[in-house]
Structure formats: structure tokens, C-alpha cells
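Below is a short report on one protein chain. Look at the sequence and the structure first, then read on.

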Amino acid sequence: MKIVRNIMIIMIIALLVFIVINQMSSSPAEVVREVTTHFNEEETIEPKGTAAELPQMNLEGDLYQWIGKTSTELINELGEPDRIDVSAYNYEWYVYNDSESQYGQFAILEGEIVSVYAIGDDLEISPIDSGASYIEVTETFPFSSEVTYSDGDSSFTFRLNAEDLQTRPLVKISDSTFIQFYFDTFTETLSSMRISTGDALLLQRPYEIEYRGELPEQPEFTEEEWREIQEGMEQQVLDISNIMRYKHDVHRLEWDDQVSLVAYDHSKDMYENDYFSHVSLDGDGLKERLEEKQVAYVAAGENIAAQYPDAPAAMEGWLNSESHREALLSDEYSYLGVGVYRFYYTQNFLGKPF
């Protein structure tokens, strides 16, 4: 009996130990993964370097310095913006588009700059140059498939797939500041760049995210507020399209209101009927949509995209898709209509009869 009693005591102790260990190893915040999907082509590249290899550098005097500065400091330095666009993330874009060779958007949240997107010639992005080759950038900013960010009790890991690493790698330059490099994969050179705070990145969610804690809630908007957001993105698509065409020695596109309505209706139709195609569910294509609005043309083309977080991201996606790039940089077209509905984007290019 004594032996049986000892065995029972040992079993009870073992059970208690198991329960305690199990409780200690379970985190109250489970690891959650959220994936944002973009419609673009698969690319492959191997990761190079790790975040720990990032060299120390002086970033004063460059685009990096704007993060954390105020809208007043921005205006004092660059003047009043040419346009202010609202965004889908509660910040406003101060847009500077008065140069045919440079373009910039500064995201202002509660009076402070939280993100900067810039494209064009002679950008101040020392120690690299605008238009630098992919290899040149990796030598200064080694890329990693995992980039971390912590905010209080929450921790986040941005996970980059092979396509991300080739087209839009992410680099951490301080505890809360990150750079997205957008590459033109056809020329293997730097197309543009975006500097953002970690919180701004969490709102945009351009990459797969693994996290402990909570993601910030996405803002909600009325239909009227969405319309204003969409109109801003439409103008950004026009601006960035013309900078990209300038960089490839192609003439500027003029805005066309009538064609923009055609593009808008298609983006809205794709969103409301949950499909993604140049051909509508009723079988109509661009030709039929233009004819319905009695639009005269000698040449026409269309680009569509979905689920990109904003207009700059959609533009860089189009630049890296062969068929979309062909339309974007074609000298056949002189007019552009853009329609955005939620995160569905349509570009309609037109060559008009003389």
C-alpha cells in the first residue's frame, strides 16, 4: 500500500508541474498573421544580408530628415503644397507636383510628417543616388526577408517574400523609421522611395505581418469621405504617371474628365461585383465602355490594379508588369482618365483624332 501511495503522490506532483509549465509557456497574446494581397506578377530573388548589417550613416540633409518634422517646417522649407489630398489612413498628403522631373507626397498626421514618397531626378537620398542600381543599393542597405518593429507591448515582423525583396524591399534605419525602396525591375534601377514611421506602415500594411499584441484599427469613412480620398488618389496616379514618362523620355499625358468617368465606373463595378478583369461581367471591354460614353479615339489602352494601399504603390506595381508598363510608357497616348473606387484602380489611356 505504501508503494502505491508513493506512486500516486509522484503522479500528482508530475501533473502539477506540467500544468505550471504549460501556463508559463502560453503567451496571452497569440501570434497572428495578416496578409495583404496585391494583383501583380510573381518574381524571384534571394534575400541578401540581414538587418543587423546596416551601416551607421549620417542622414542629415536628405529625405530621411523630414520624418517627425512639422507641417509648418515643411511649408517654411518647400513653400505651400500644390495640393492637399486626404488619404485612407487619417493623414493628409501634402503634394508637391510643380516640377516635371520631381514629385513628392508628405503625409501629415496631427501636424507631423509620418511618411514621405518621392520619385524623380536628383532626389536627396545620400549615400545613394536616385536611379541607383539594385546592386548599388544593396551594398549600402542590405535587404532582409524579416524586418521588426516594436510599439509598447506589441511587436511586429514584416515578412517580405521573394517578389517584395526584388520590387519593394524594406529597410529599418532607426527604431521607428523605415525605408521602402521601389525598383524598376526592367532596368534594375531605383524608381522611387518611401520613408515611413512604423505606425504609418502598420496602417498601410504593404507586407505580410506577424505580430504579438494588436494591429491599429483601420479607419472607417462615409461614402462622401471615400469620394474625396479616391479623387486624391486619381490625381496622384496622373502625377506619378507623368514623372515616370518623363524619366523614359515620353511626352506628358493630359487629364480627360470624360475618360475618367469611364475608368471610375469600371473600378466601382469590379469592387461591387467582386471581380478583377478588363472585361465586365456583362462581357463589355474598354471598347464598349468608351463607345457607351461616346468617347472618340484612335488608340486606347487600360491598366487595372487592386488592393494596393495607395496610388504610389499601385503605380510602382504597374511599372513592373510588362503589359501595364507598355501602356503606361506608350507614346501613342496623349490623354489619361483615372478612376479609383476604394482600392480598385483603373487607368484609361487615349490617343485622340486630330
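## A covered strand

A residue counts as buried when its relative accessible area is under 20%. The model described here is predicted. In strand β15, residues 344-351, eight of the eight residues are buried, so by this cut-off the strand is mostly covered.

In a regular strand the side chains alternate between the two faces of the sheet. Tyr-344, Thr-346, Asn-348 and Leu-350 point one way from β15. Tyr-345, Gln-347, Phe-349 and Gly-351 point the other way, and both groups are buried.

## The partners of β15

Which strands pair with β15? One is β13, residues 299-306, which runs antiparallel to β15 and is joined to it by eight bridges. Within this pairing, Ala-300 has Leu-350 as its bridge partner.

Another is β14, residues 335-341, also antiparallel, with seven bridges to β15. Here Val-338 stands opposite Gln-347. Strands β14 and β15 form a hairpin with two residues between them, and Arg-342 in this hairpin takes a positive phi near 55°.

## An open sheet of seven strands

Elsewhere, seven strands form an open sheet in the order β2-β3-β4-β5-β10-β9-β8, with antiparallel pairing. Its edge strands are β2 (83-86) and β8 (170-172), each of which pairs on one side only. From one strand to the next, the twist averages 20°.

Within this sheet, β4 (residues 102-109) and β5 (residues 112-120) are antiparallel and share eight bridges.

## Helices

Helix α2, residues 71-78, lies across β3 (92-96), β4 and β5, and runs at about 5° to β3. Helix α9, residues 311-319, packs on the sheet and touches β4, β5, β9 (177-184) and β10 (189-197). The direction of α9 makes about 160° with that of β10.

After α6 comes Asp-249, with a positive phi near 60°.

## Aromatic pairs

How many aromatic pairs are there? The count comes to 22. Trp-66 and Phe-106 form one that is edge-to-face, at 5.8 Å centre to centre with 80° between the planes. This pair links distant parts of the chain, 40 residues apart: Trp-66 is in the loop between β1 (32-34) and α2, and Phe-106 is in strand β4. Trp-66 has a relative accessible area of 7% and is therefore buried. Phe-106, at 5% relative accessibility, also counts as buried.

Phe-158 and Phe-178 have ring centres 6.0 Å apart and planes at 75°, so this pair is edge-to-face. Because Phe-158 lies in strand β7 (residues 154-159) and Phe-178 in β9, the pair ties together parts that are 20 residues apart in sequence. Both residues are buried. Phe-158 and Phe-178 also belong to a cluster linked by ring pairs, together with Tyr-149, Phe-156, Tyr-207 and Tyr-211.

## Confidence

The chain has a mean pLDDT of 84, and 83% of its residues reach 70 or more. Over residues 1-61 the pLDDT is below 50. Beyond near neighbours in sequence, this stretch has 81 contacts in the model.

Methods: Residues are numbered from 1 along each chain as its sequence is written. Side-chain values use heavy atoms; hydrogens and water are left out. Buried means under 20% relative accessible area, exposed over 50%, partly exposed in between (1.4 Å probe, protein chains only). Helices (H or I, at least four residues) and strands (E, at least two) are DSSP runs, numbered from the N terminus. Two strands pair if DSSP finds at least two bridges between them. Axes are lines fitted to C-alpha atoms, for helices over the stretch in contact, and angles run from 0 to 180 degrees between N-to-C directions. Contact means heavy atoms within 4.5 Å. pLDDT is the predictor's confidence in each residue, from 0 to 100. Rings of Phe, Tyr and Trp (its six-membered ring) pair if their centres lie within 6.5 Å; planes under 30 degrees apart count as stacked, over 60 as edge-to-face and the rest as tilted.
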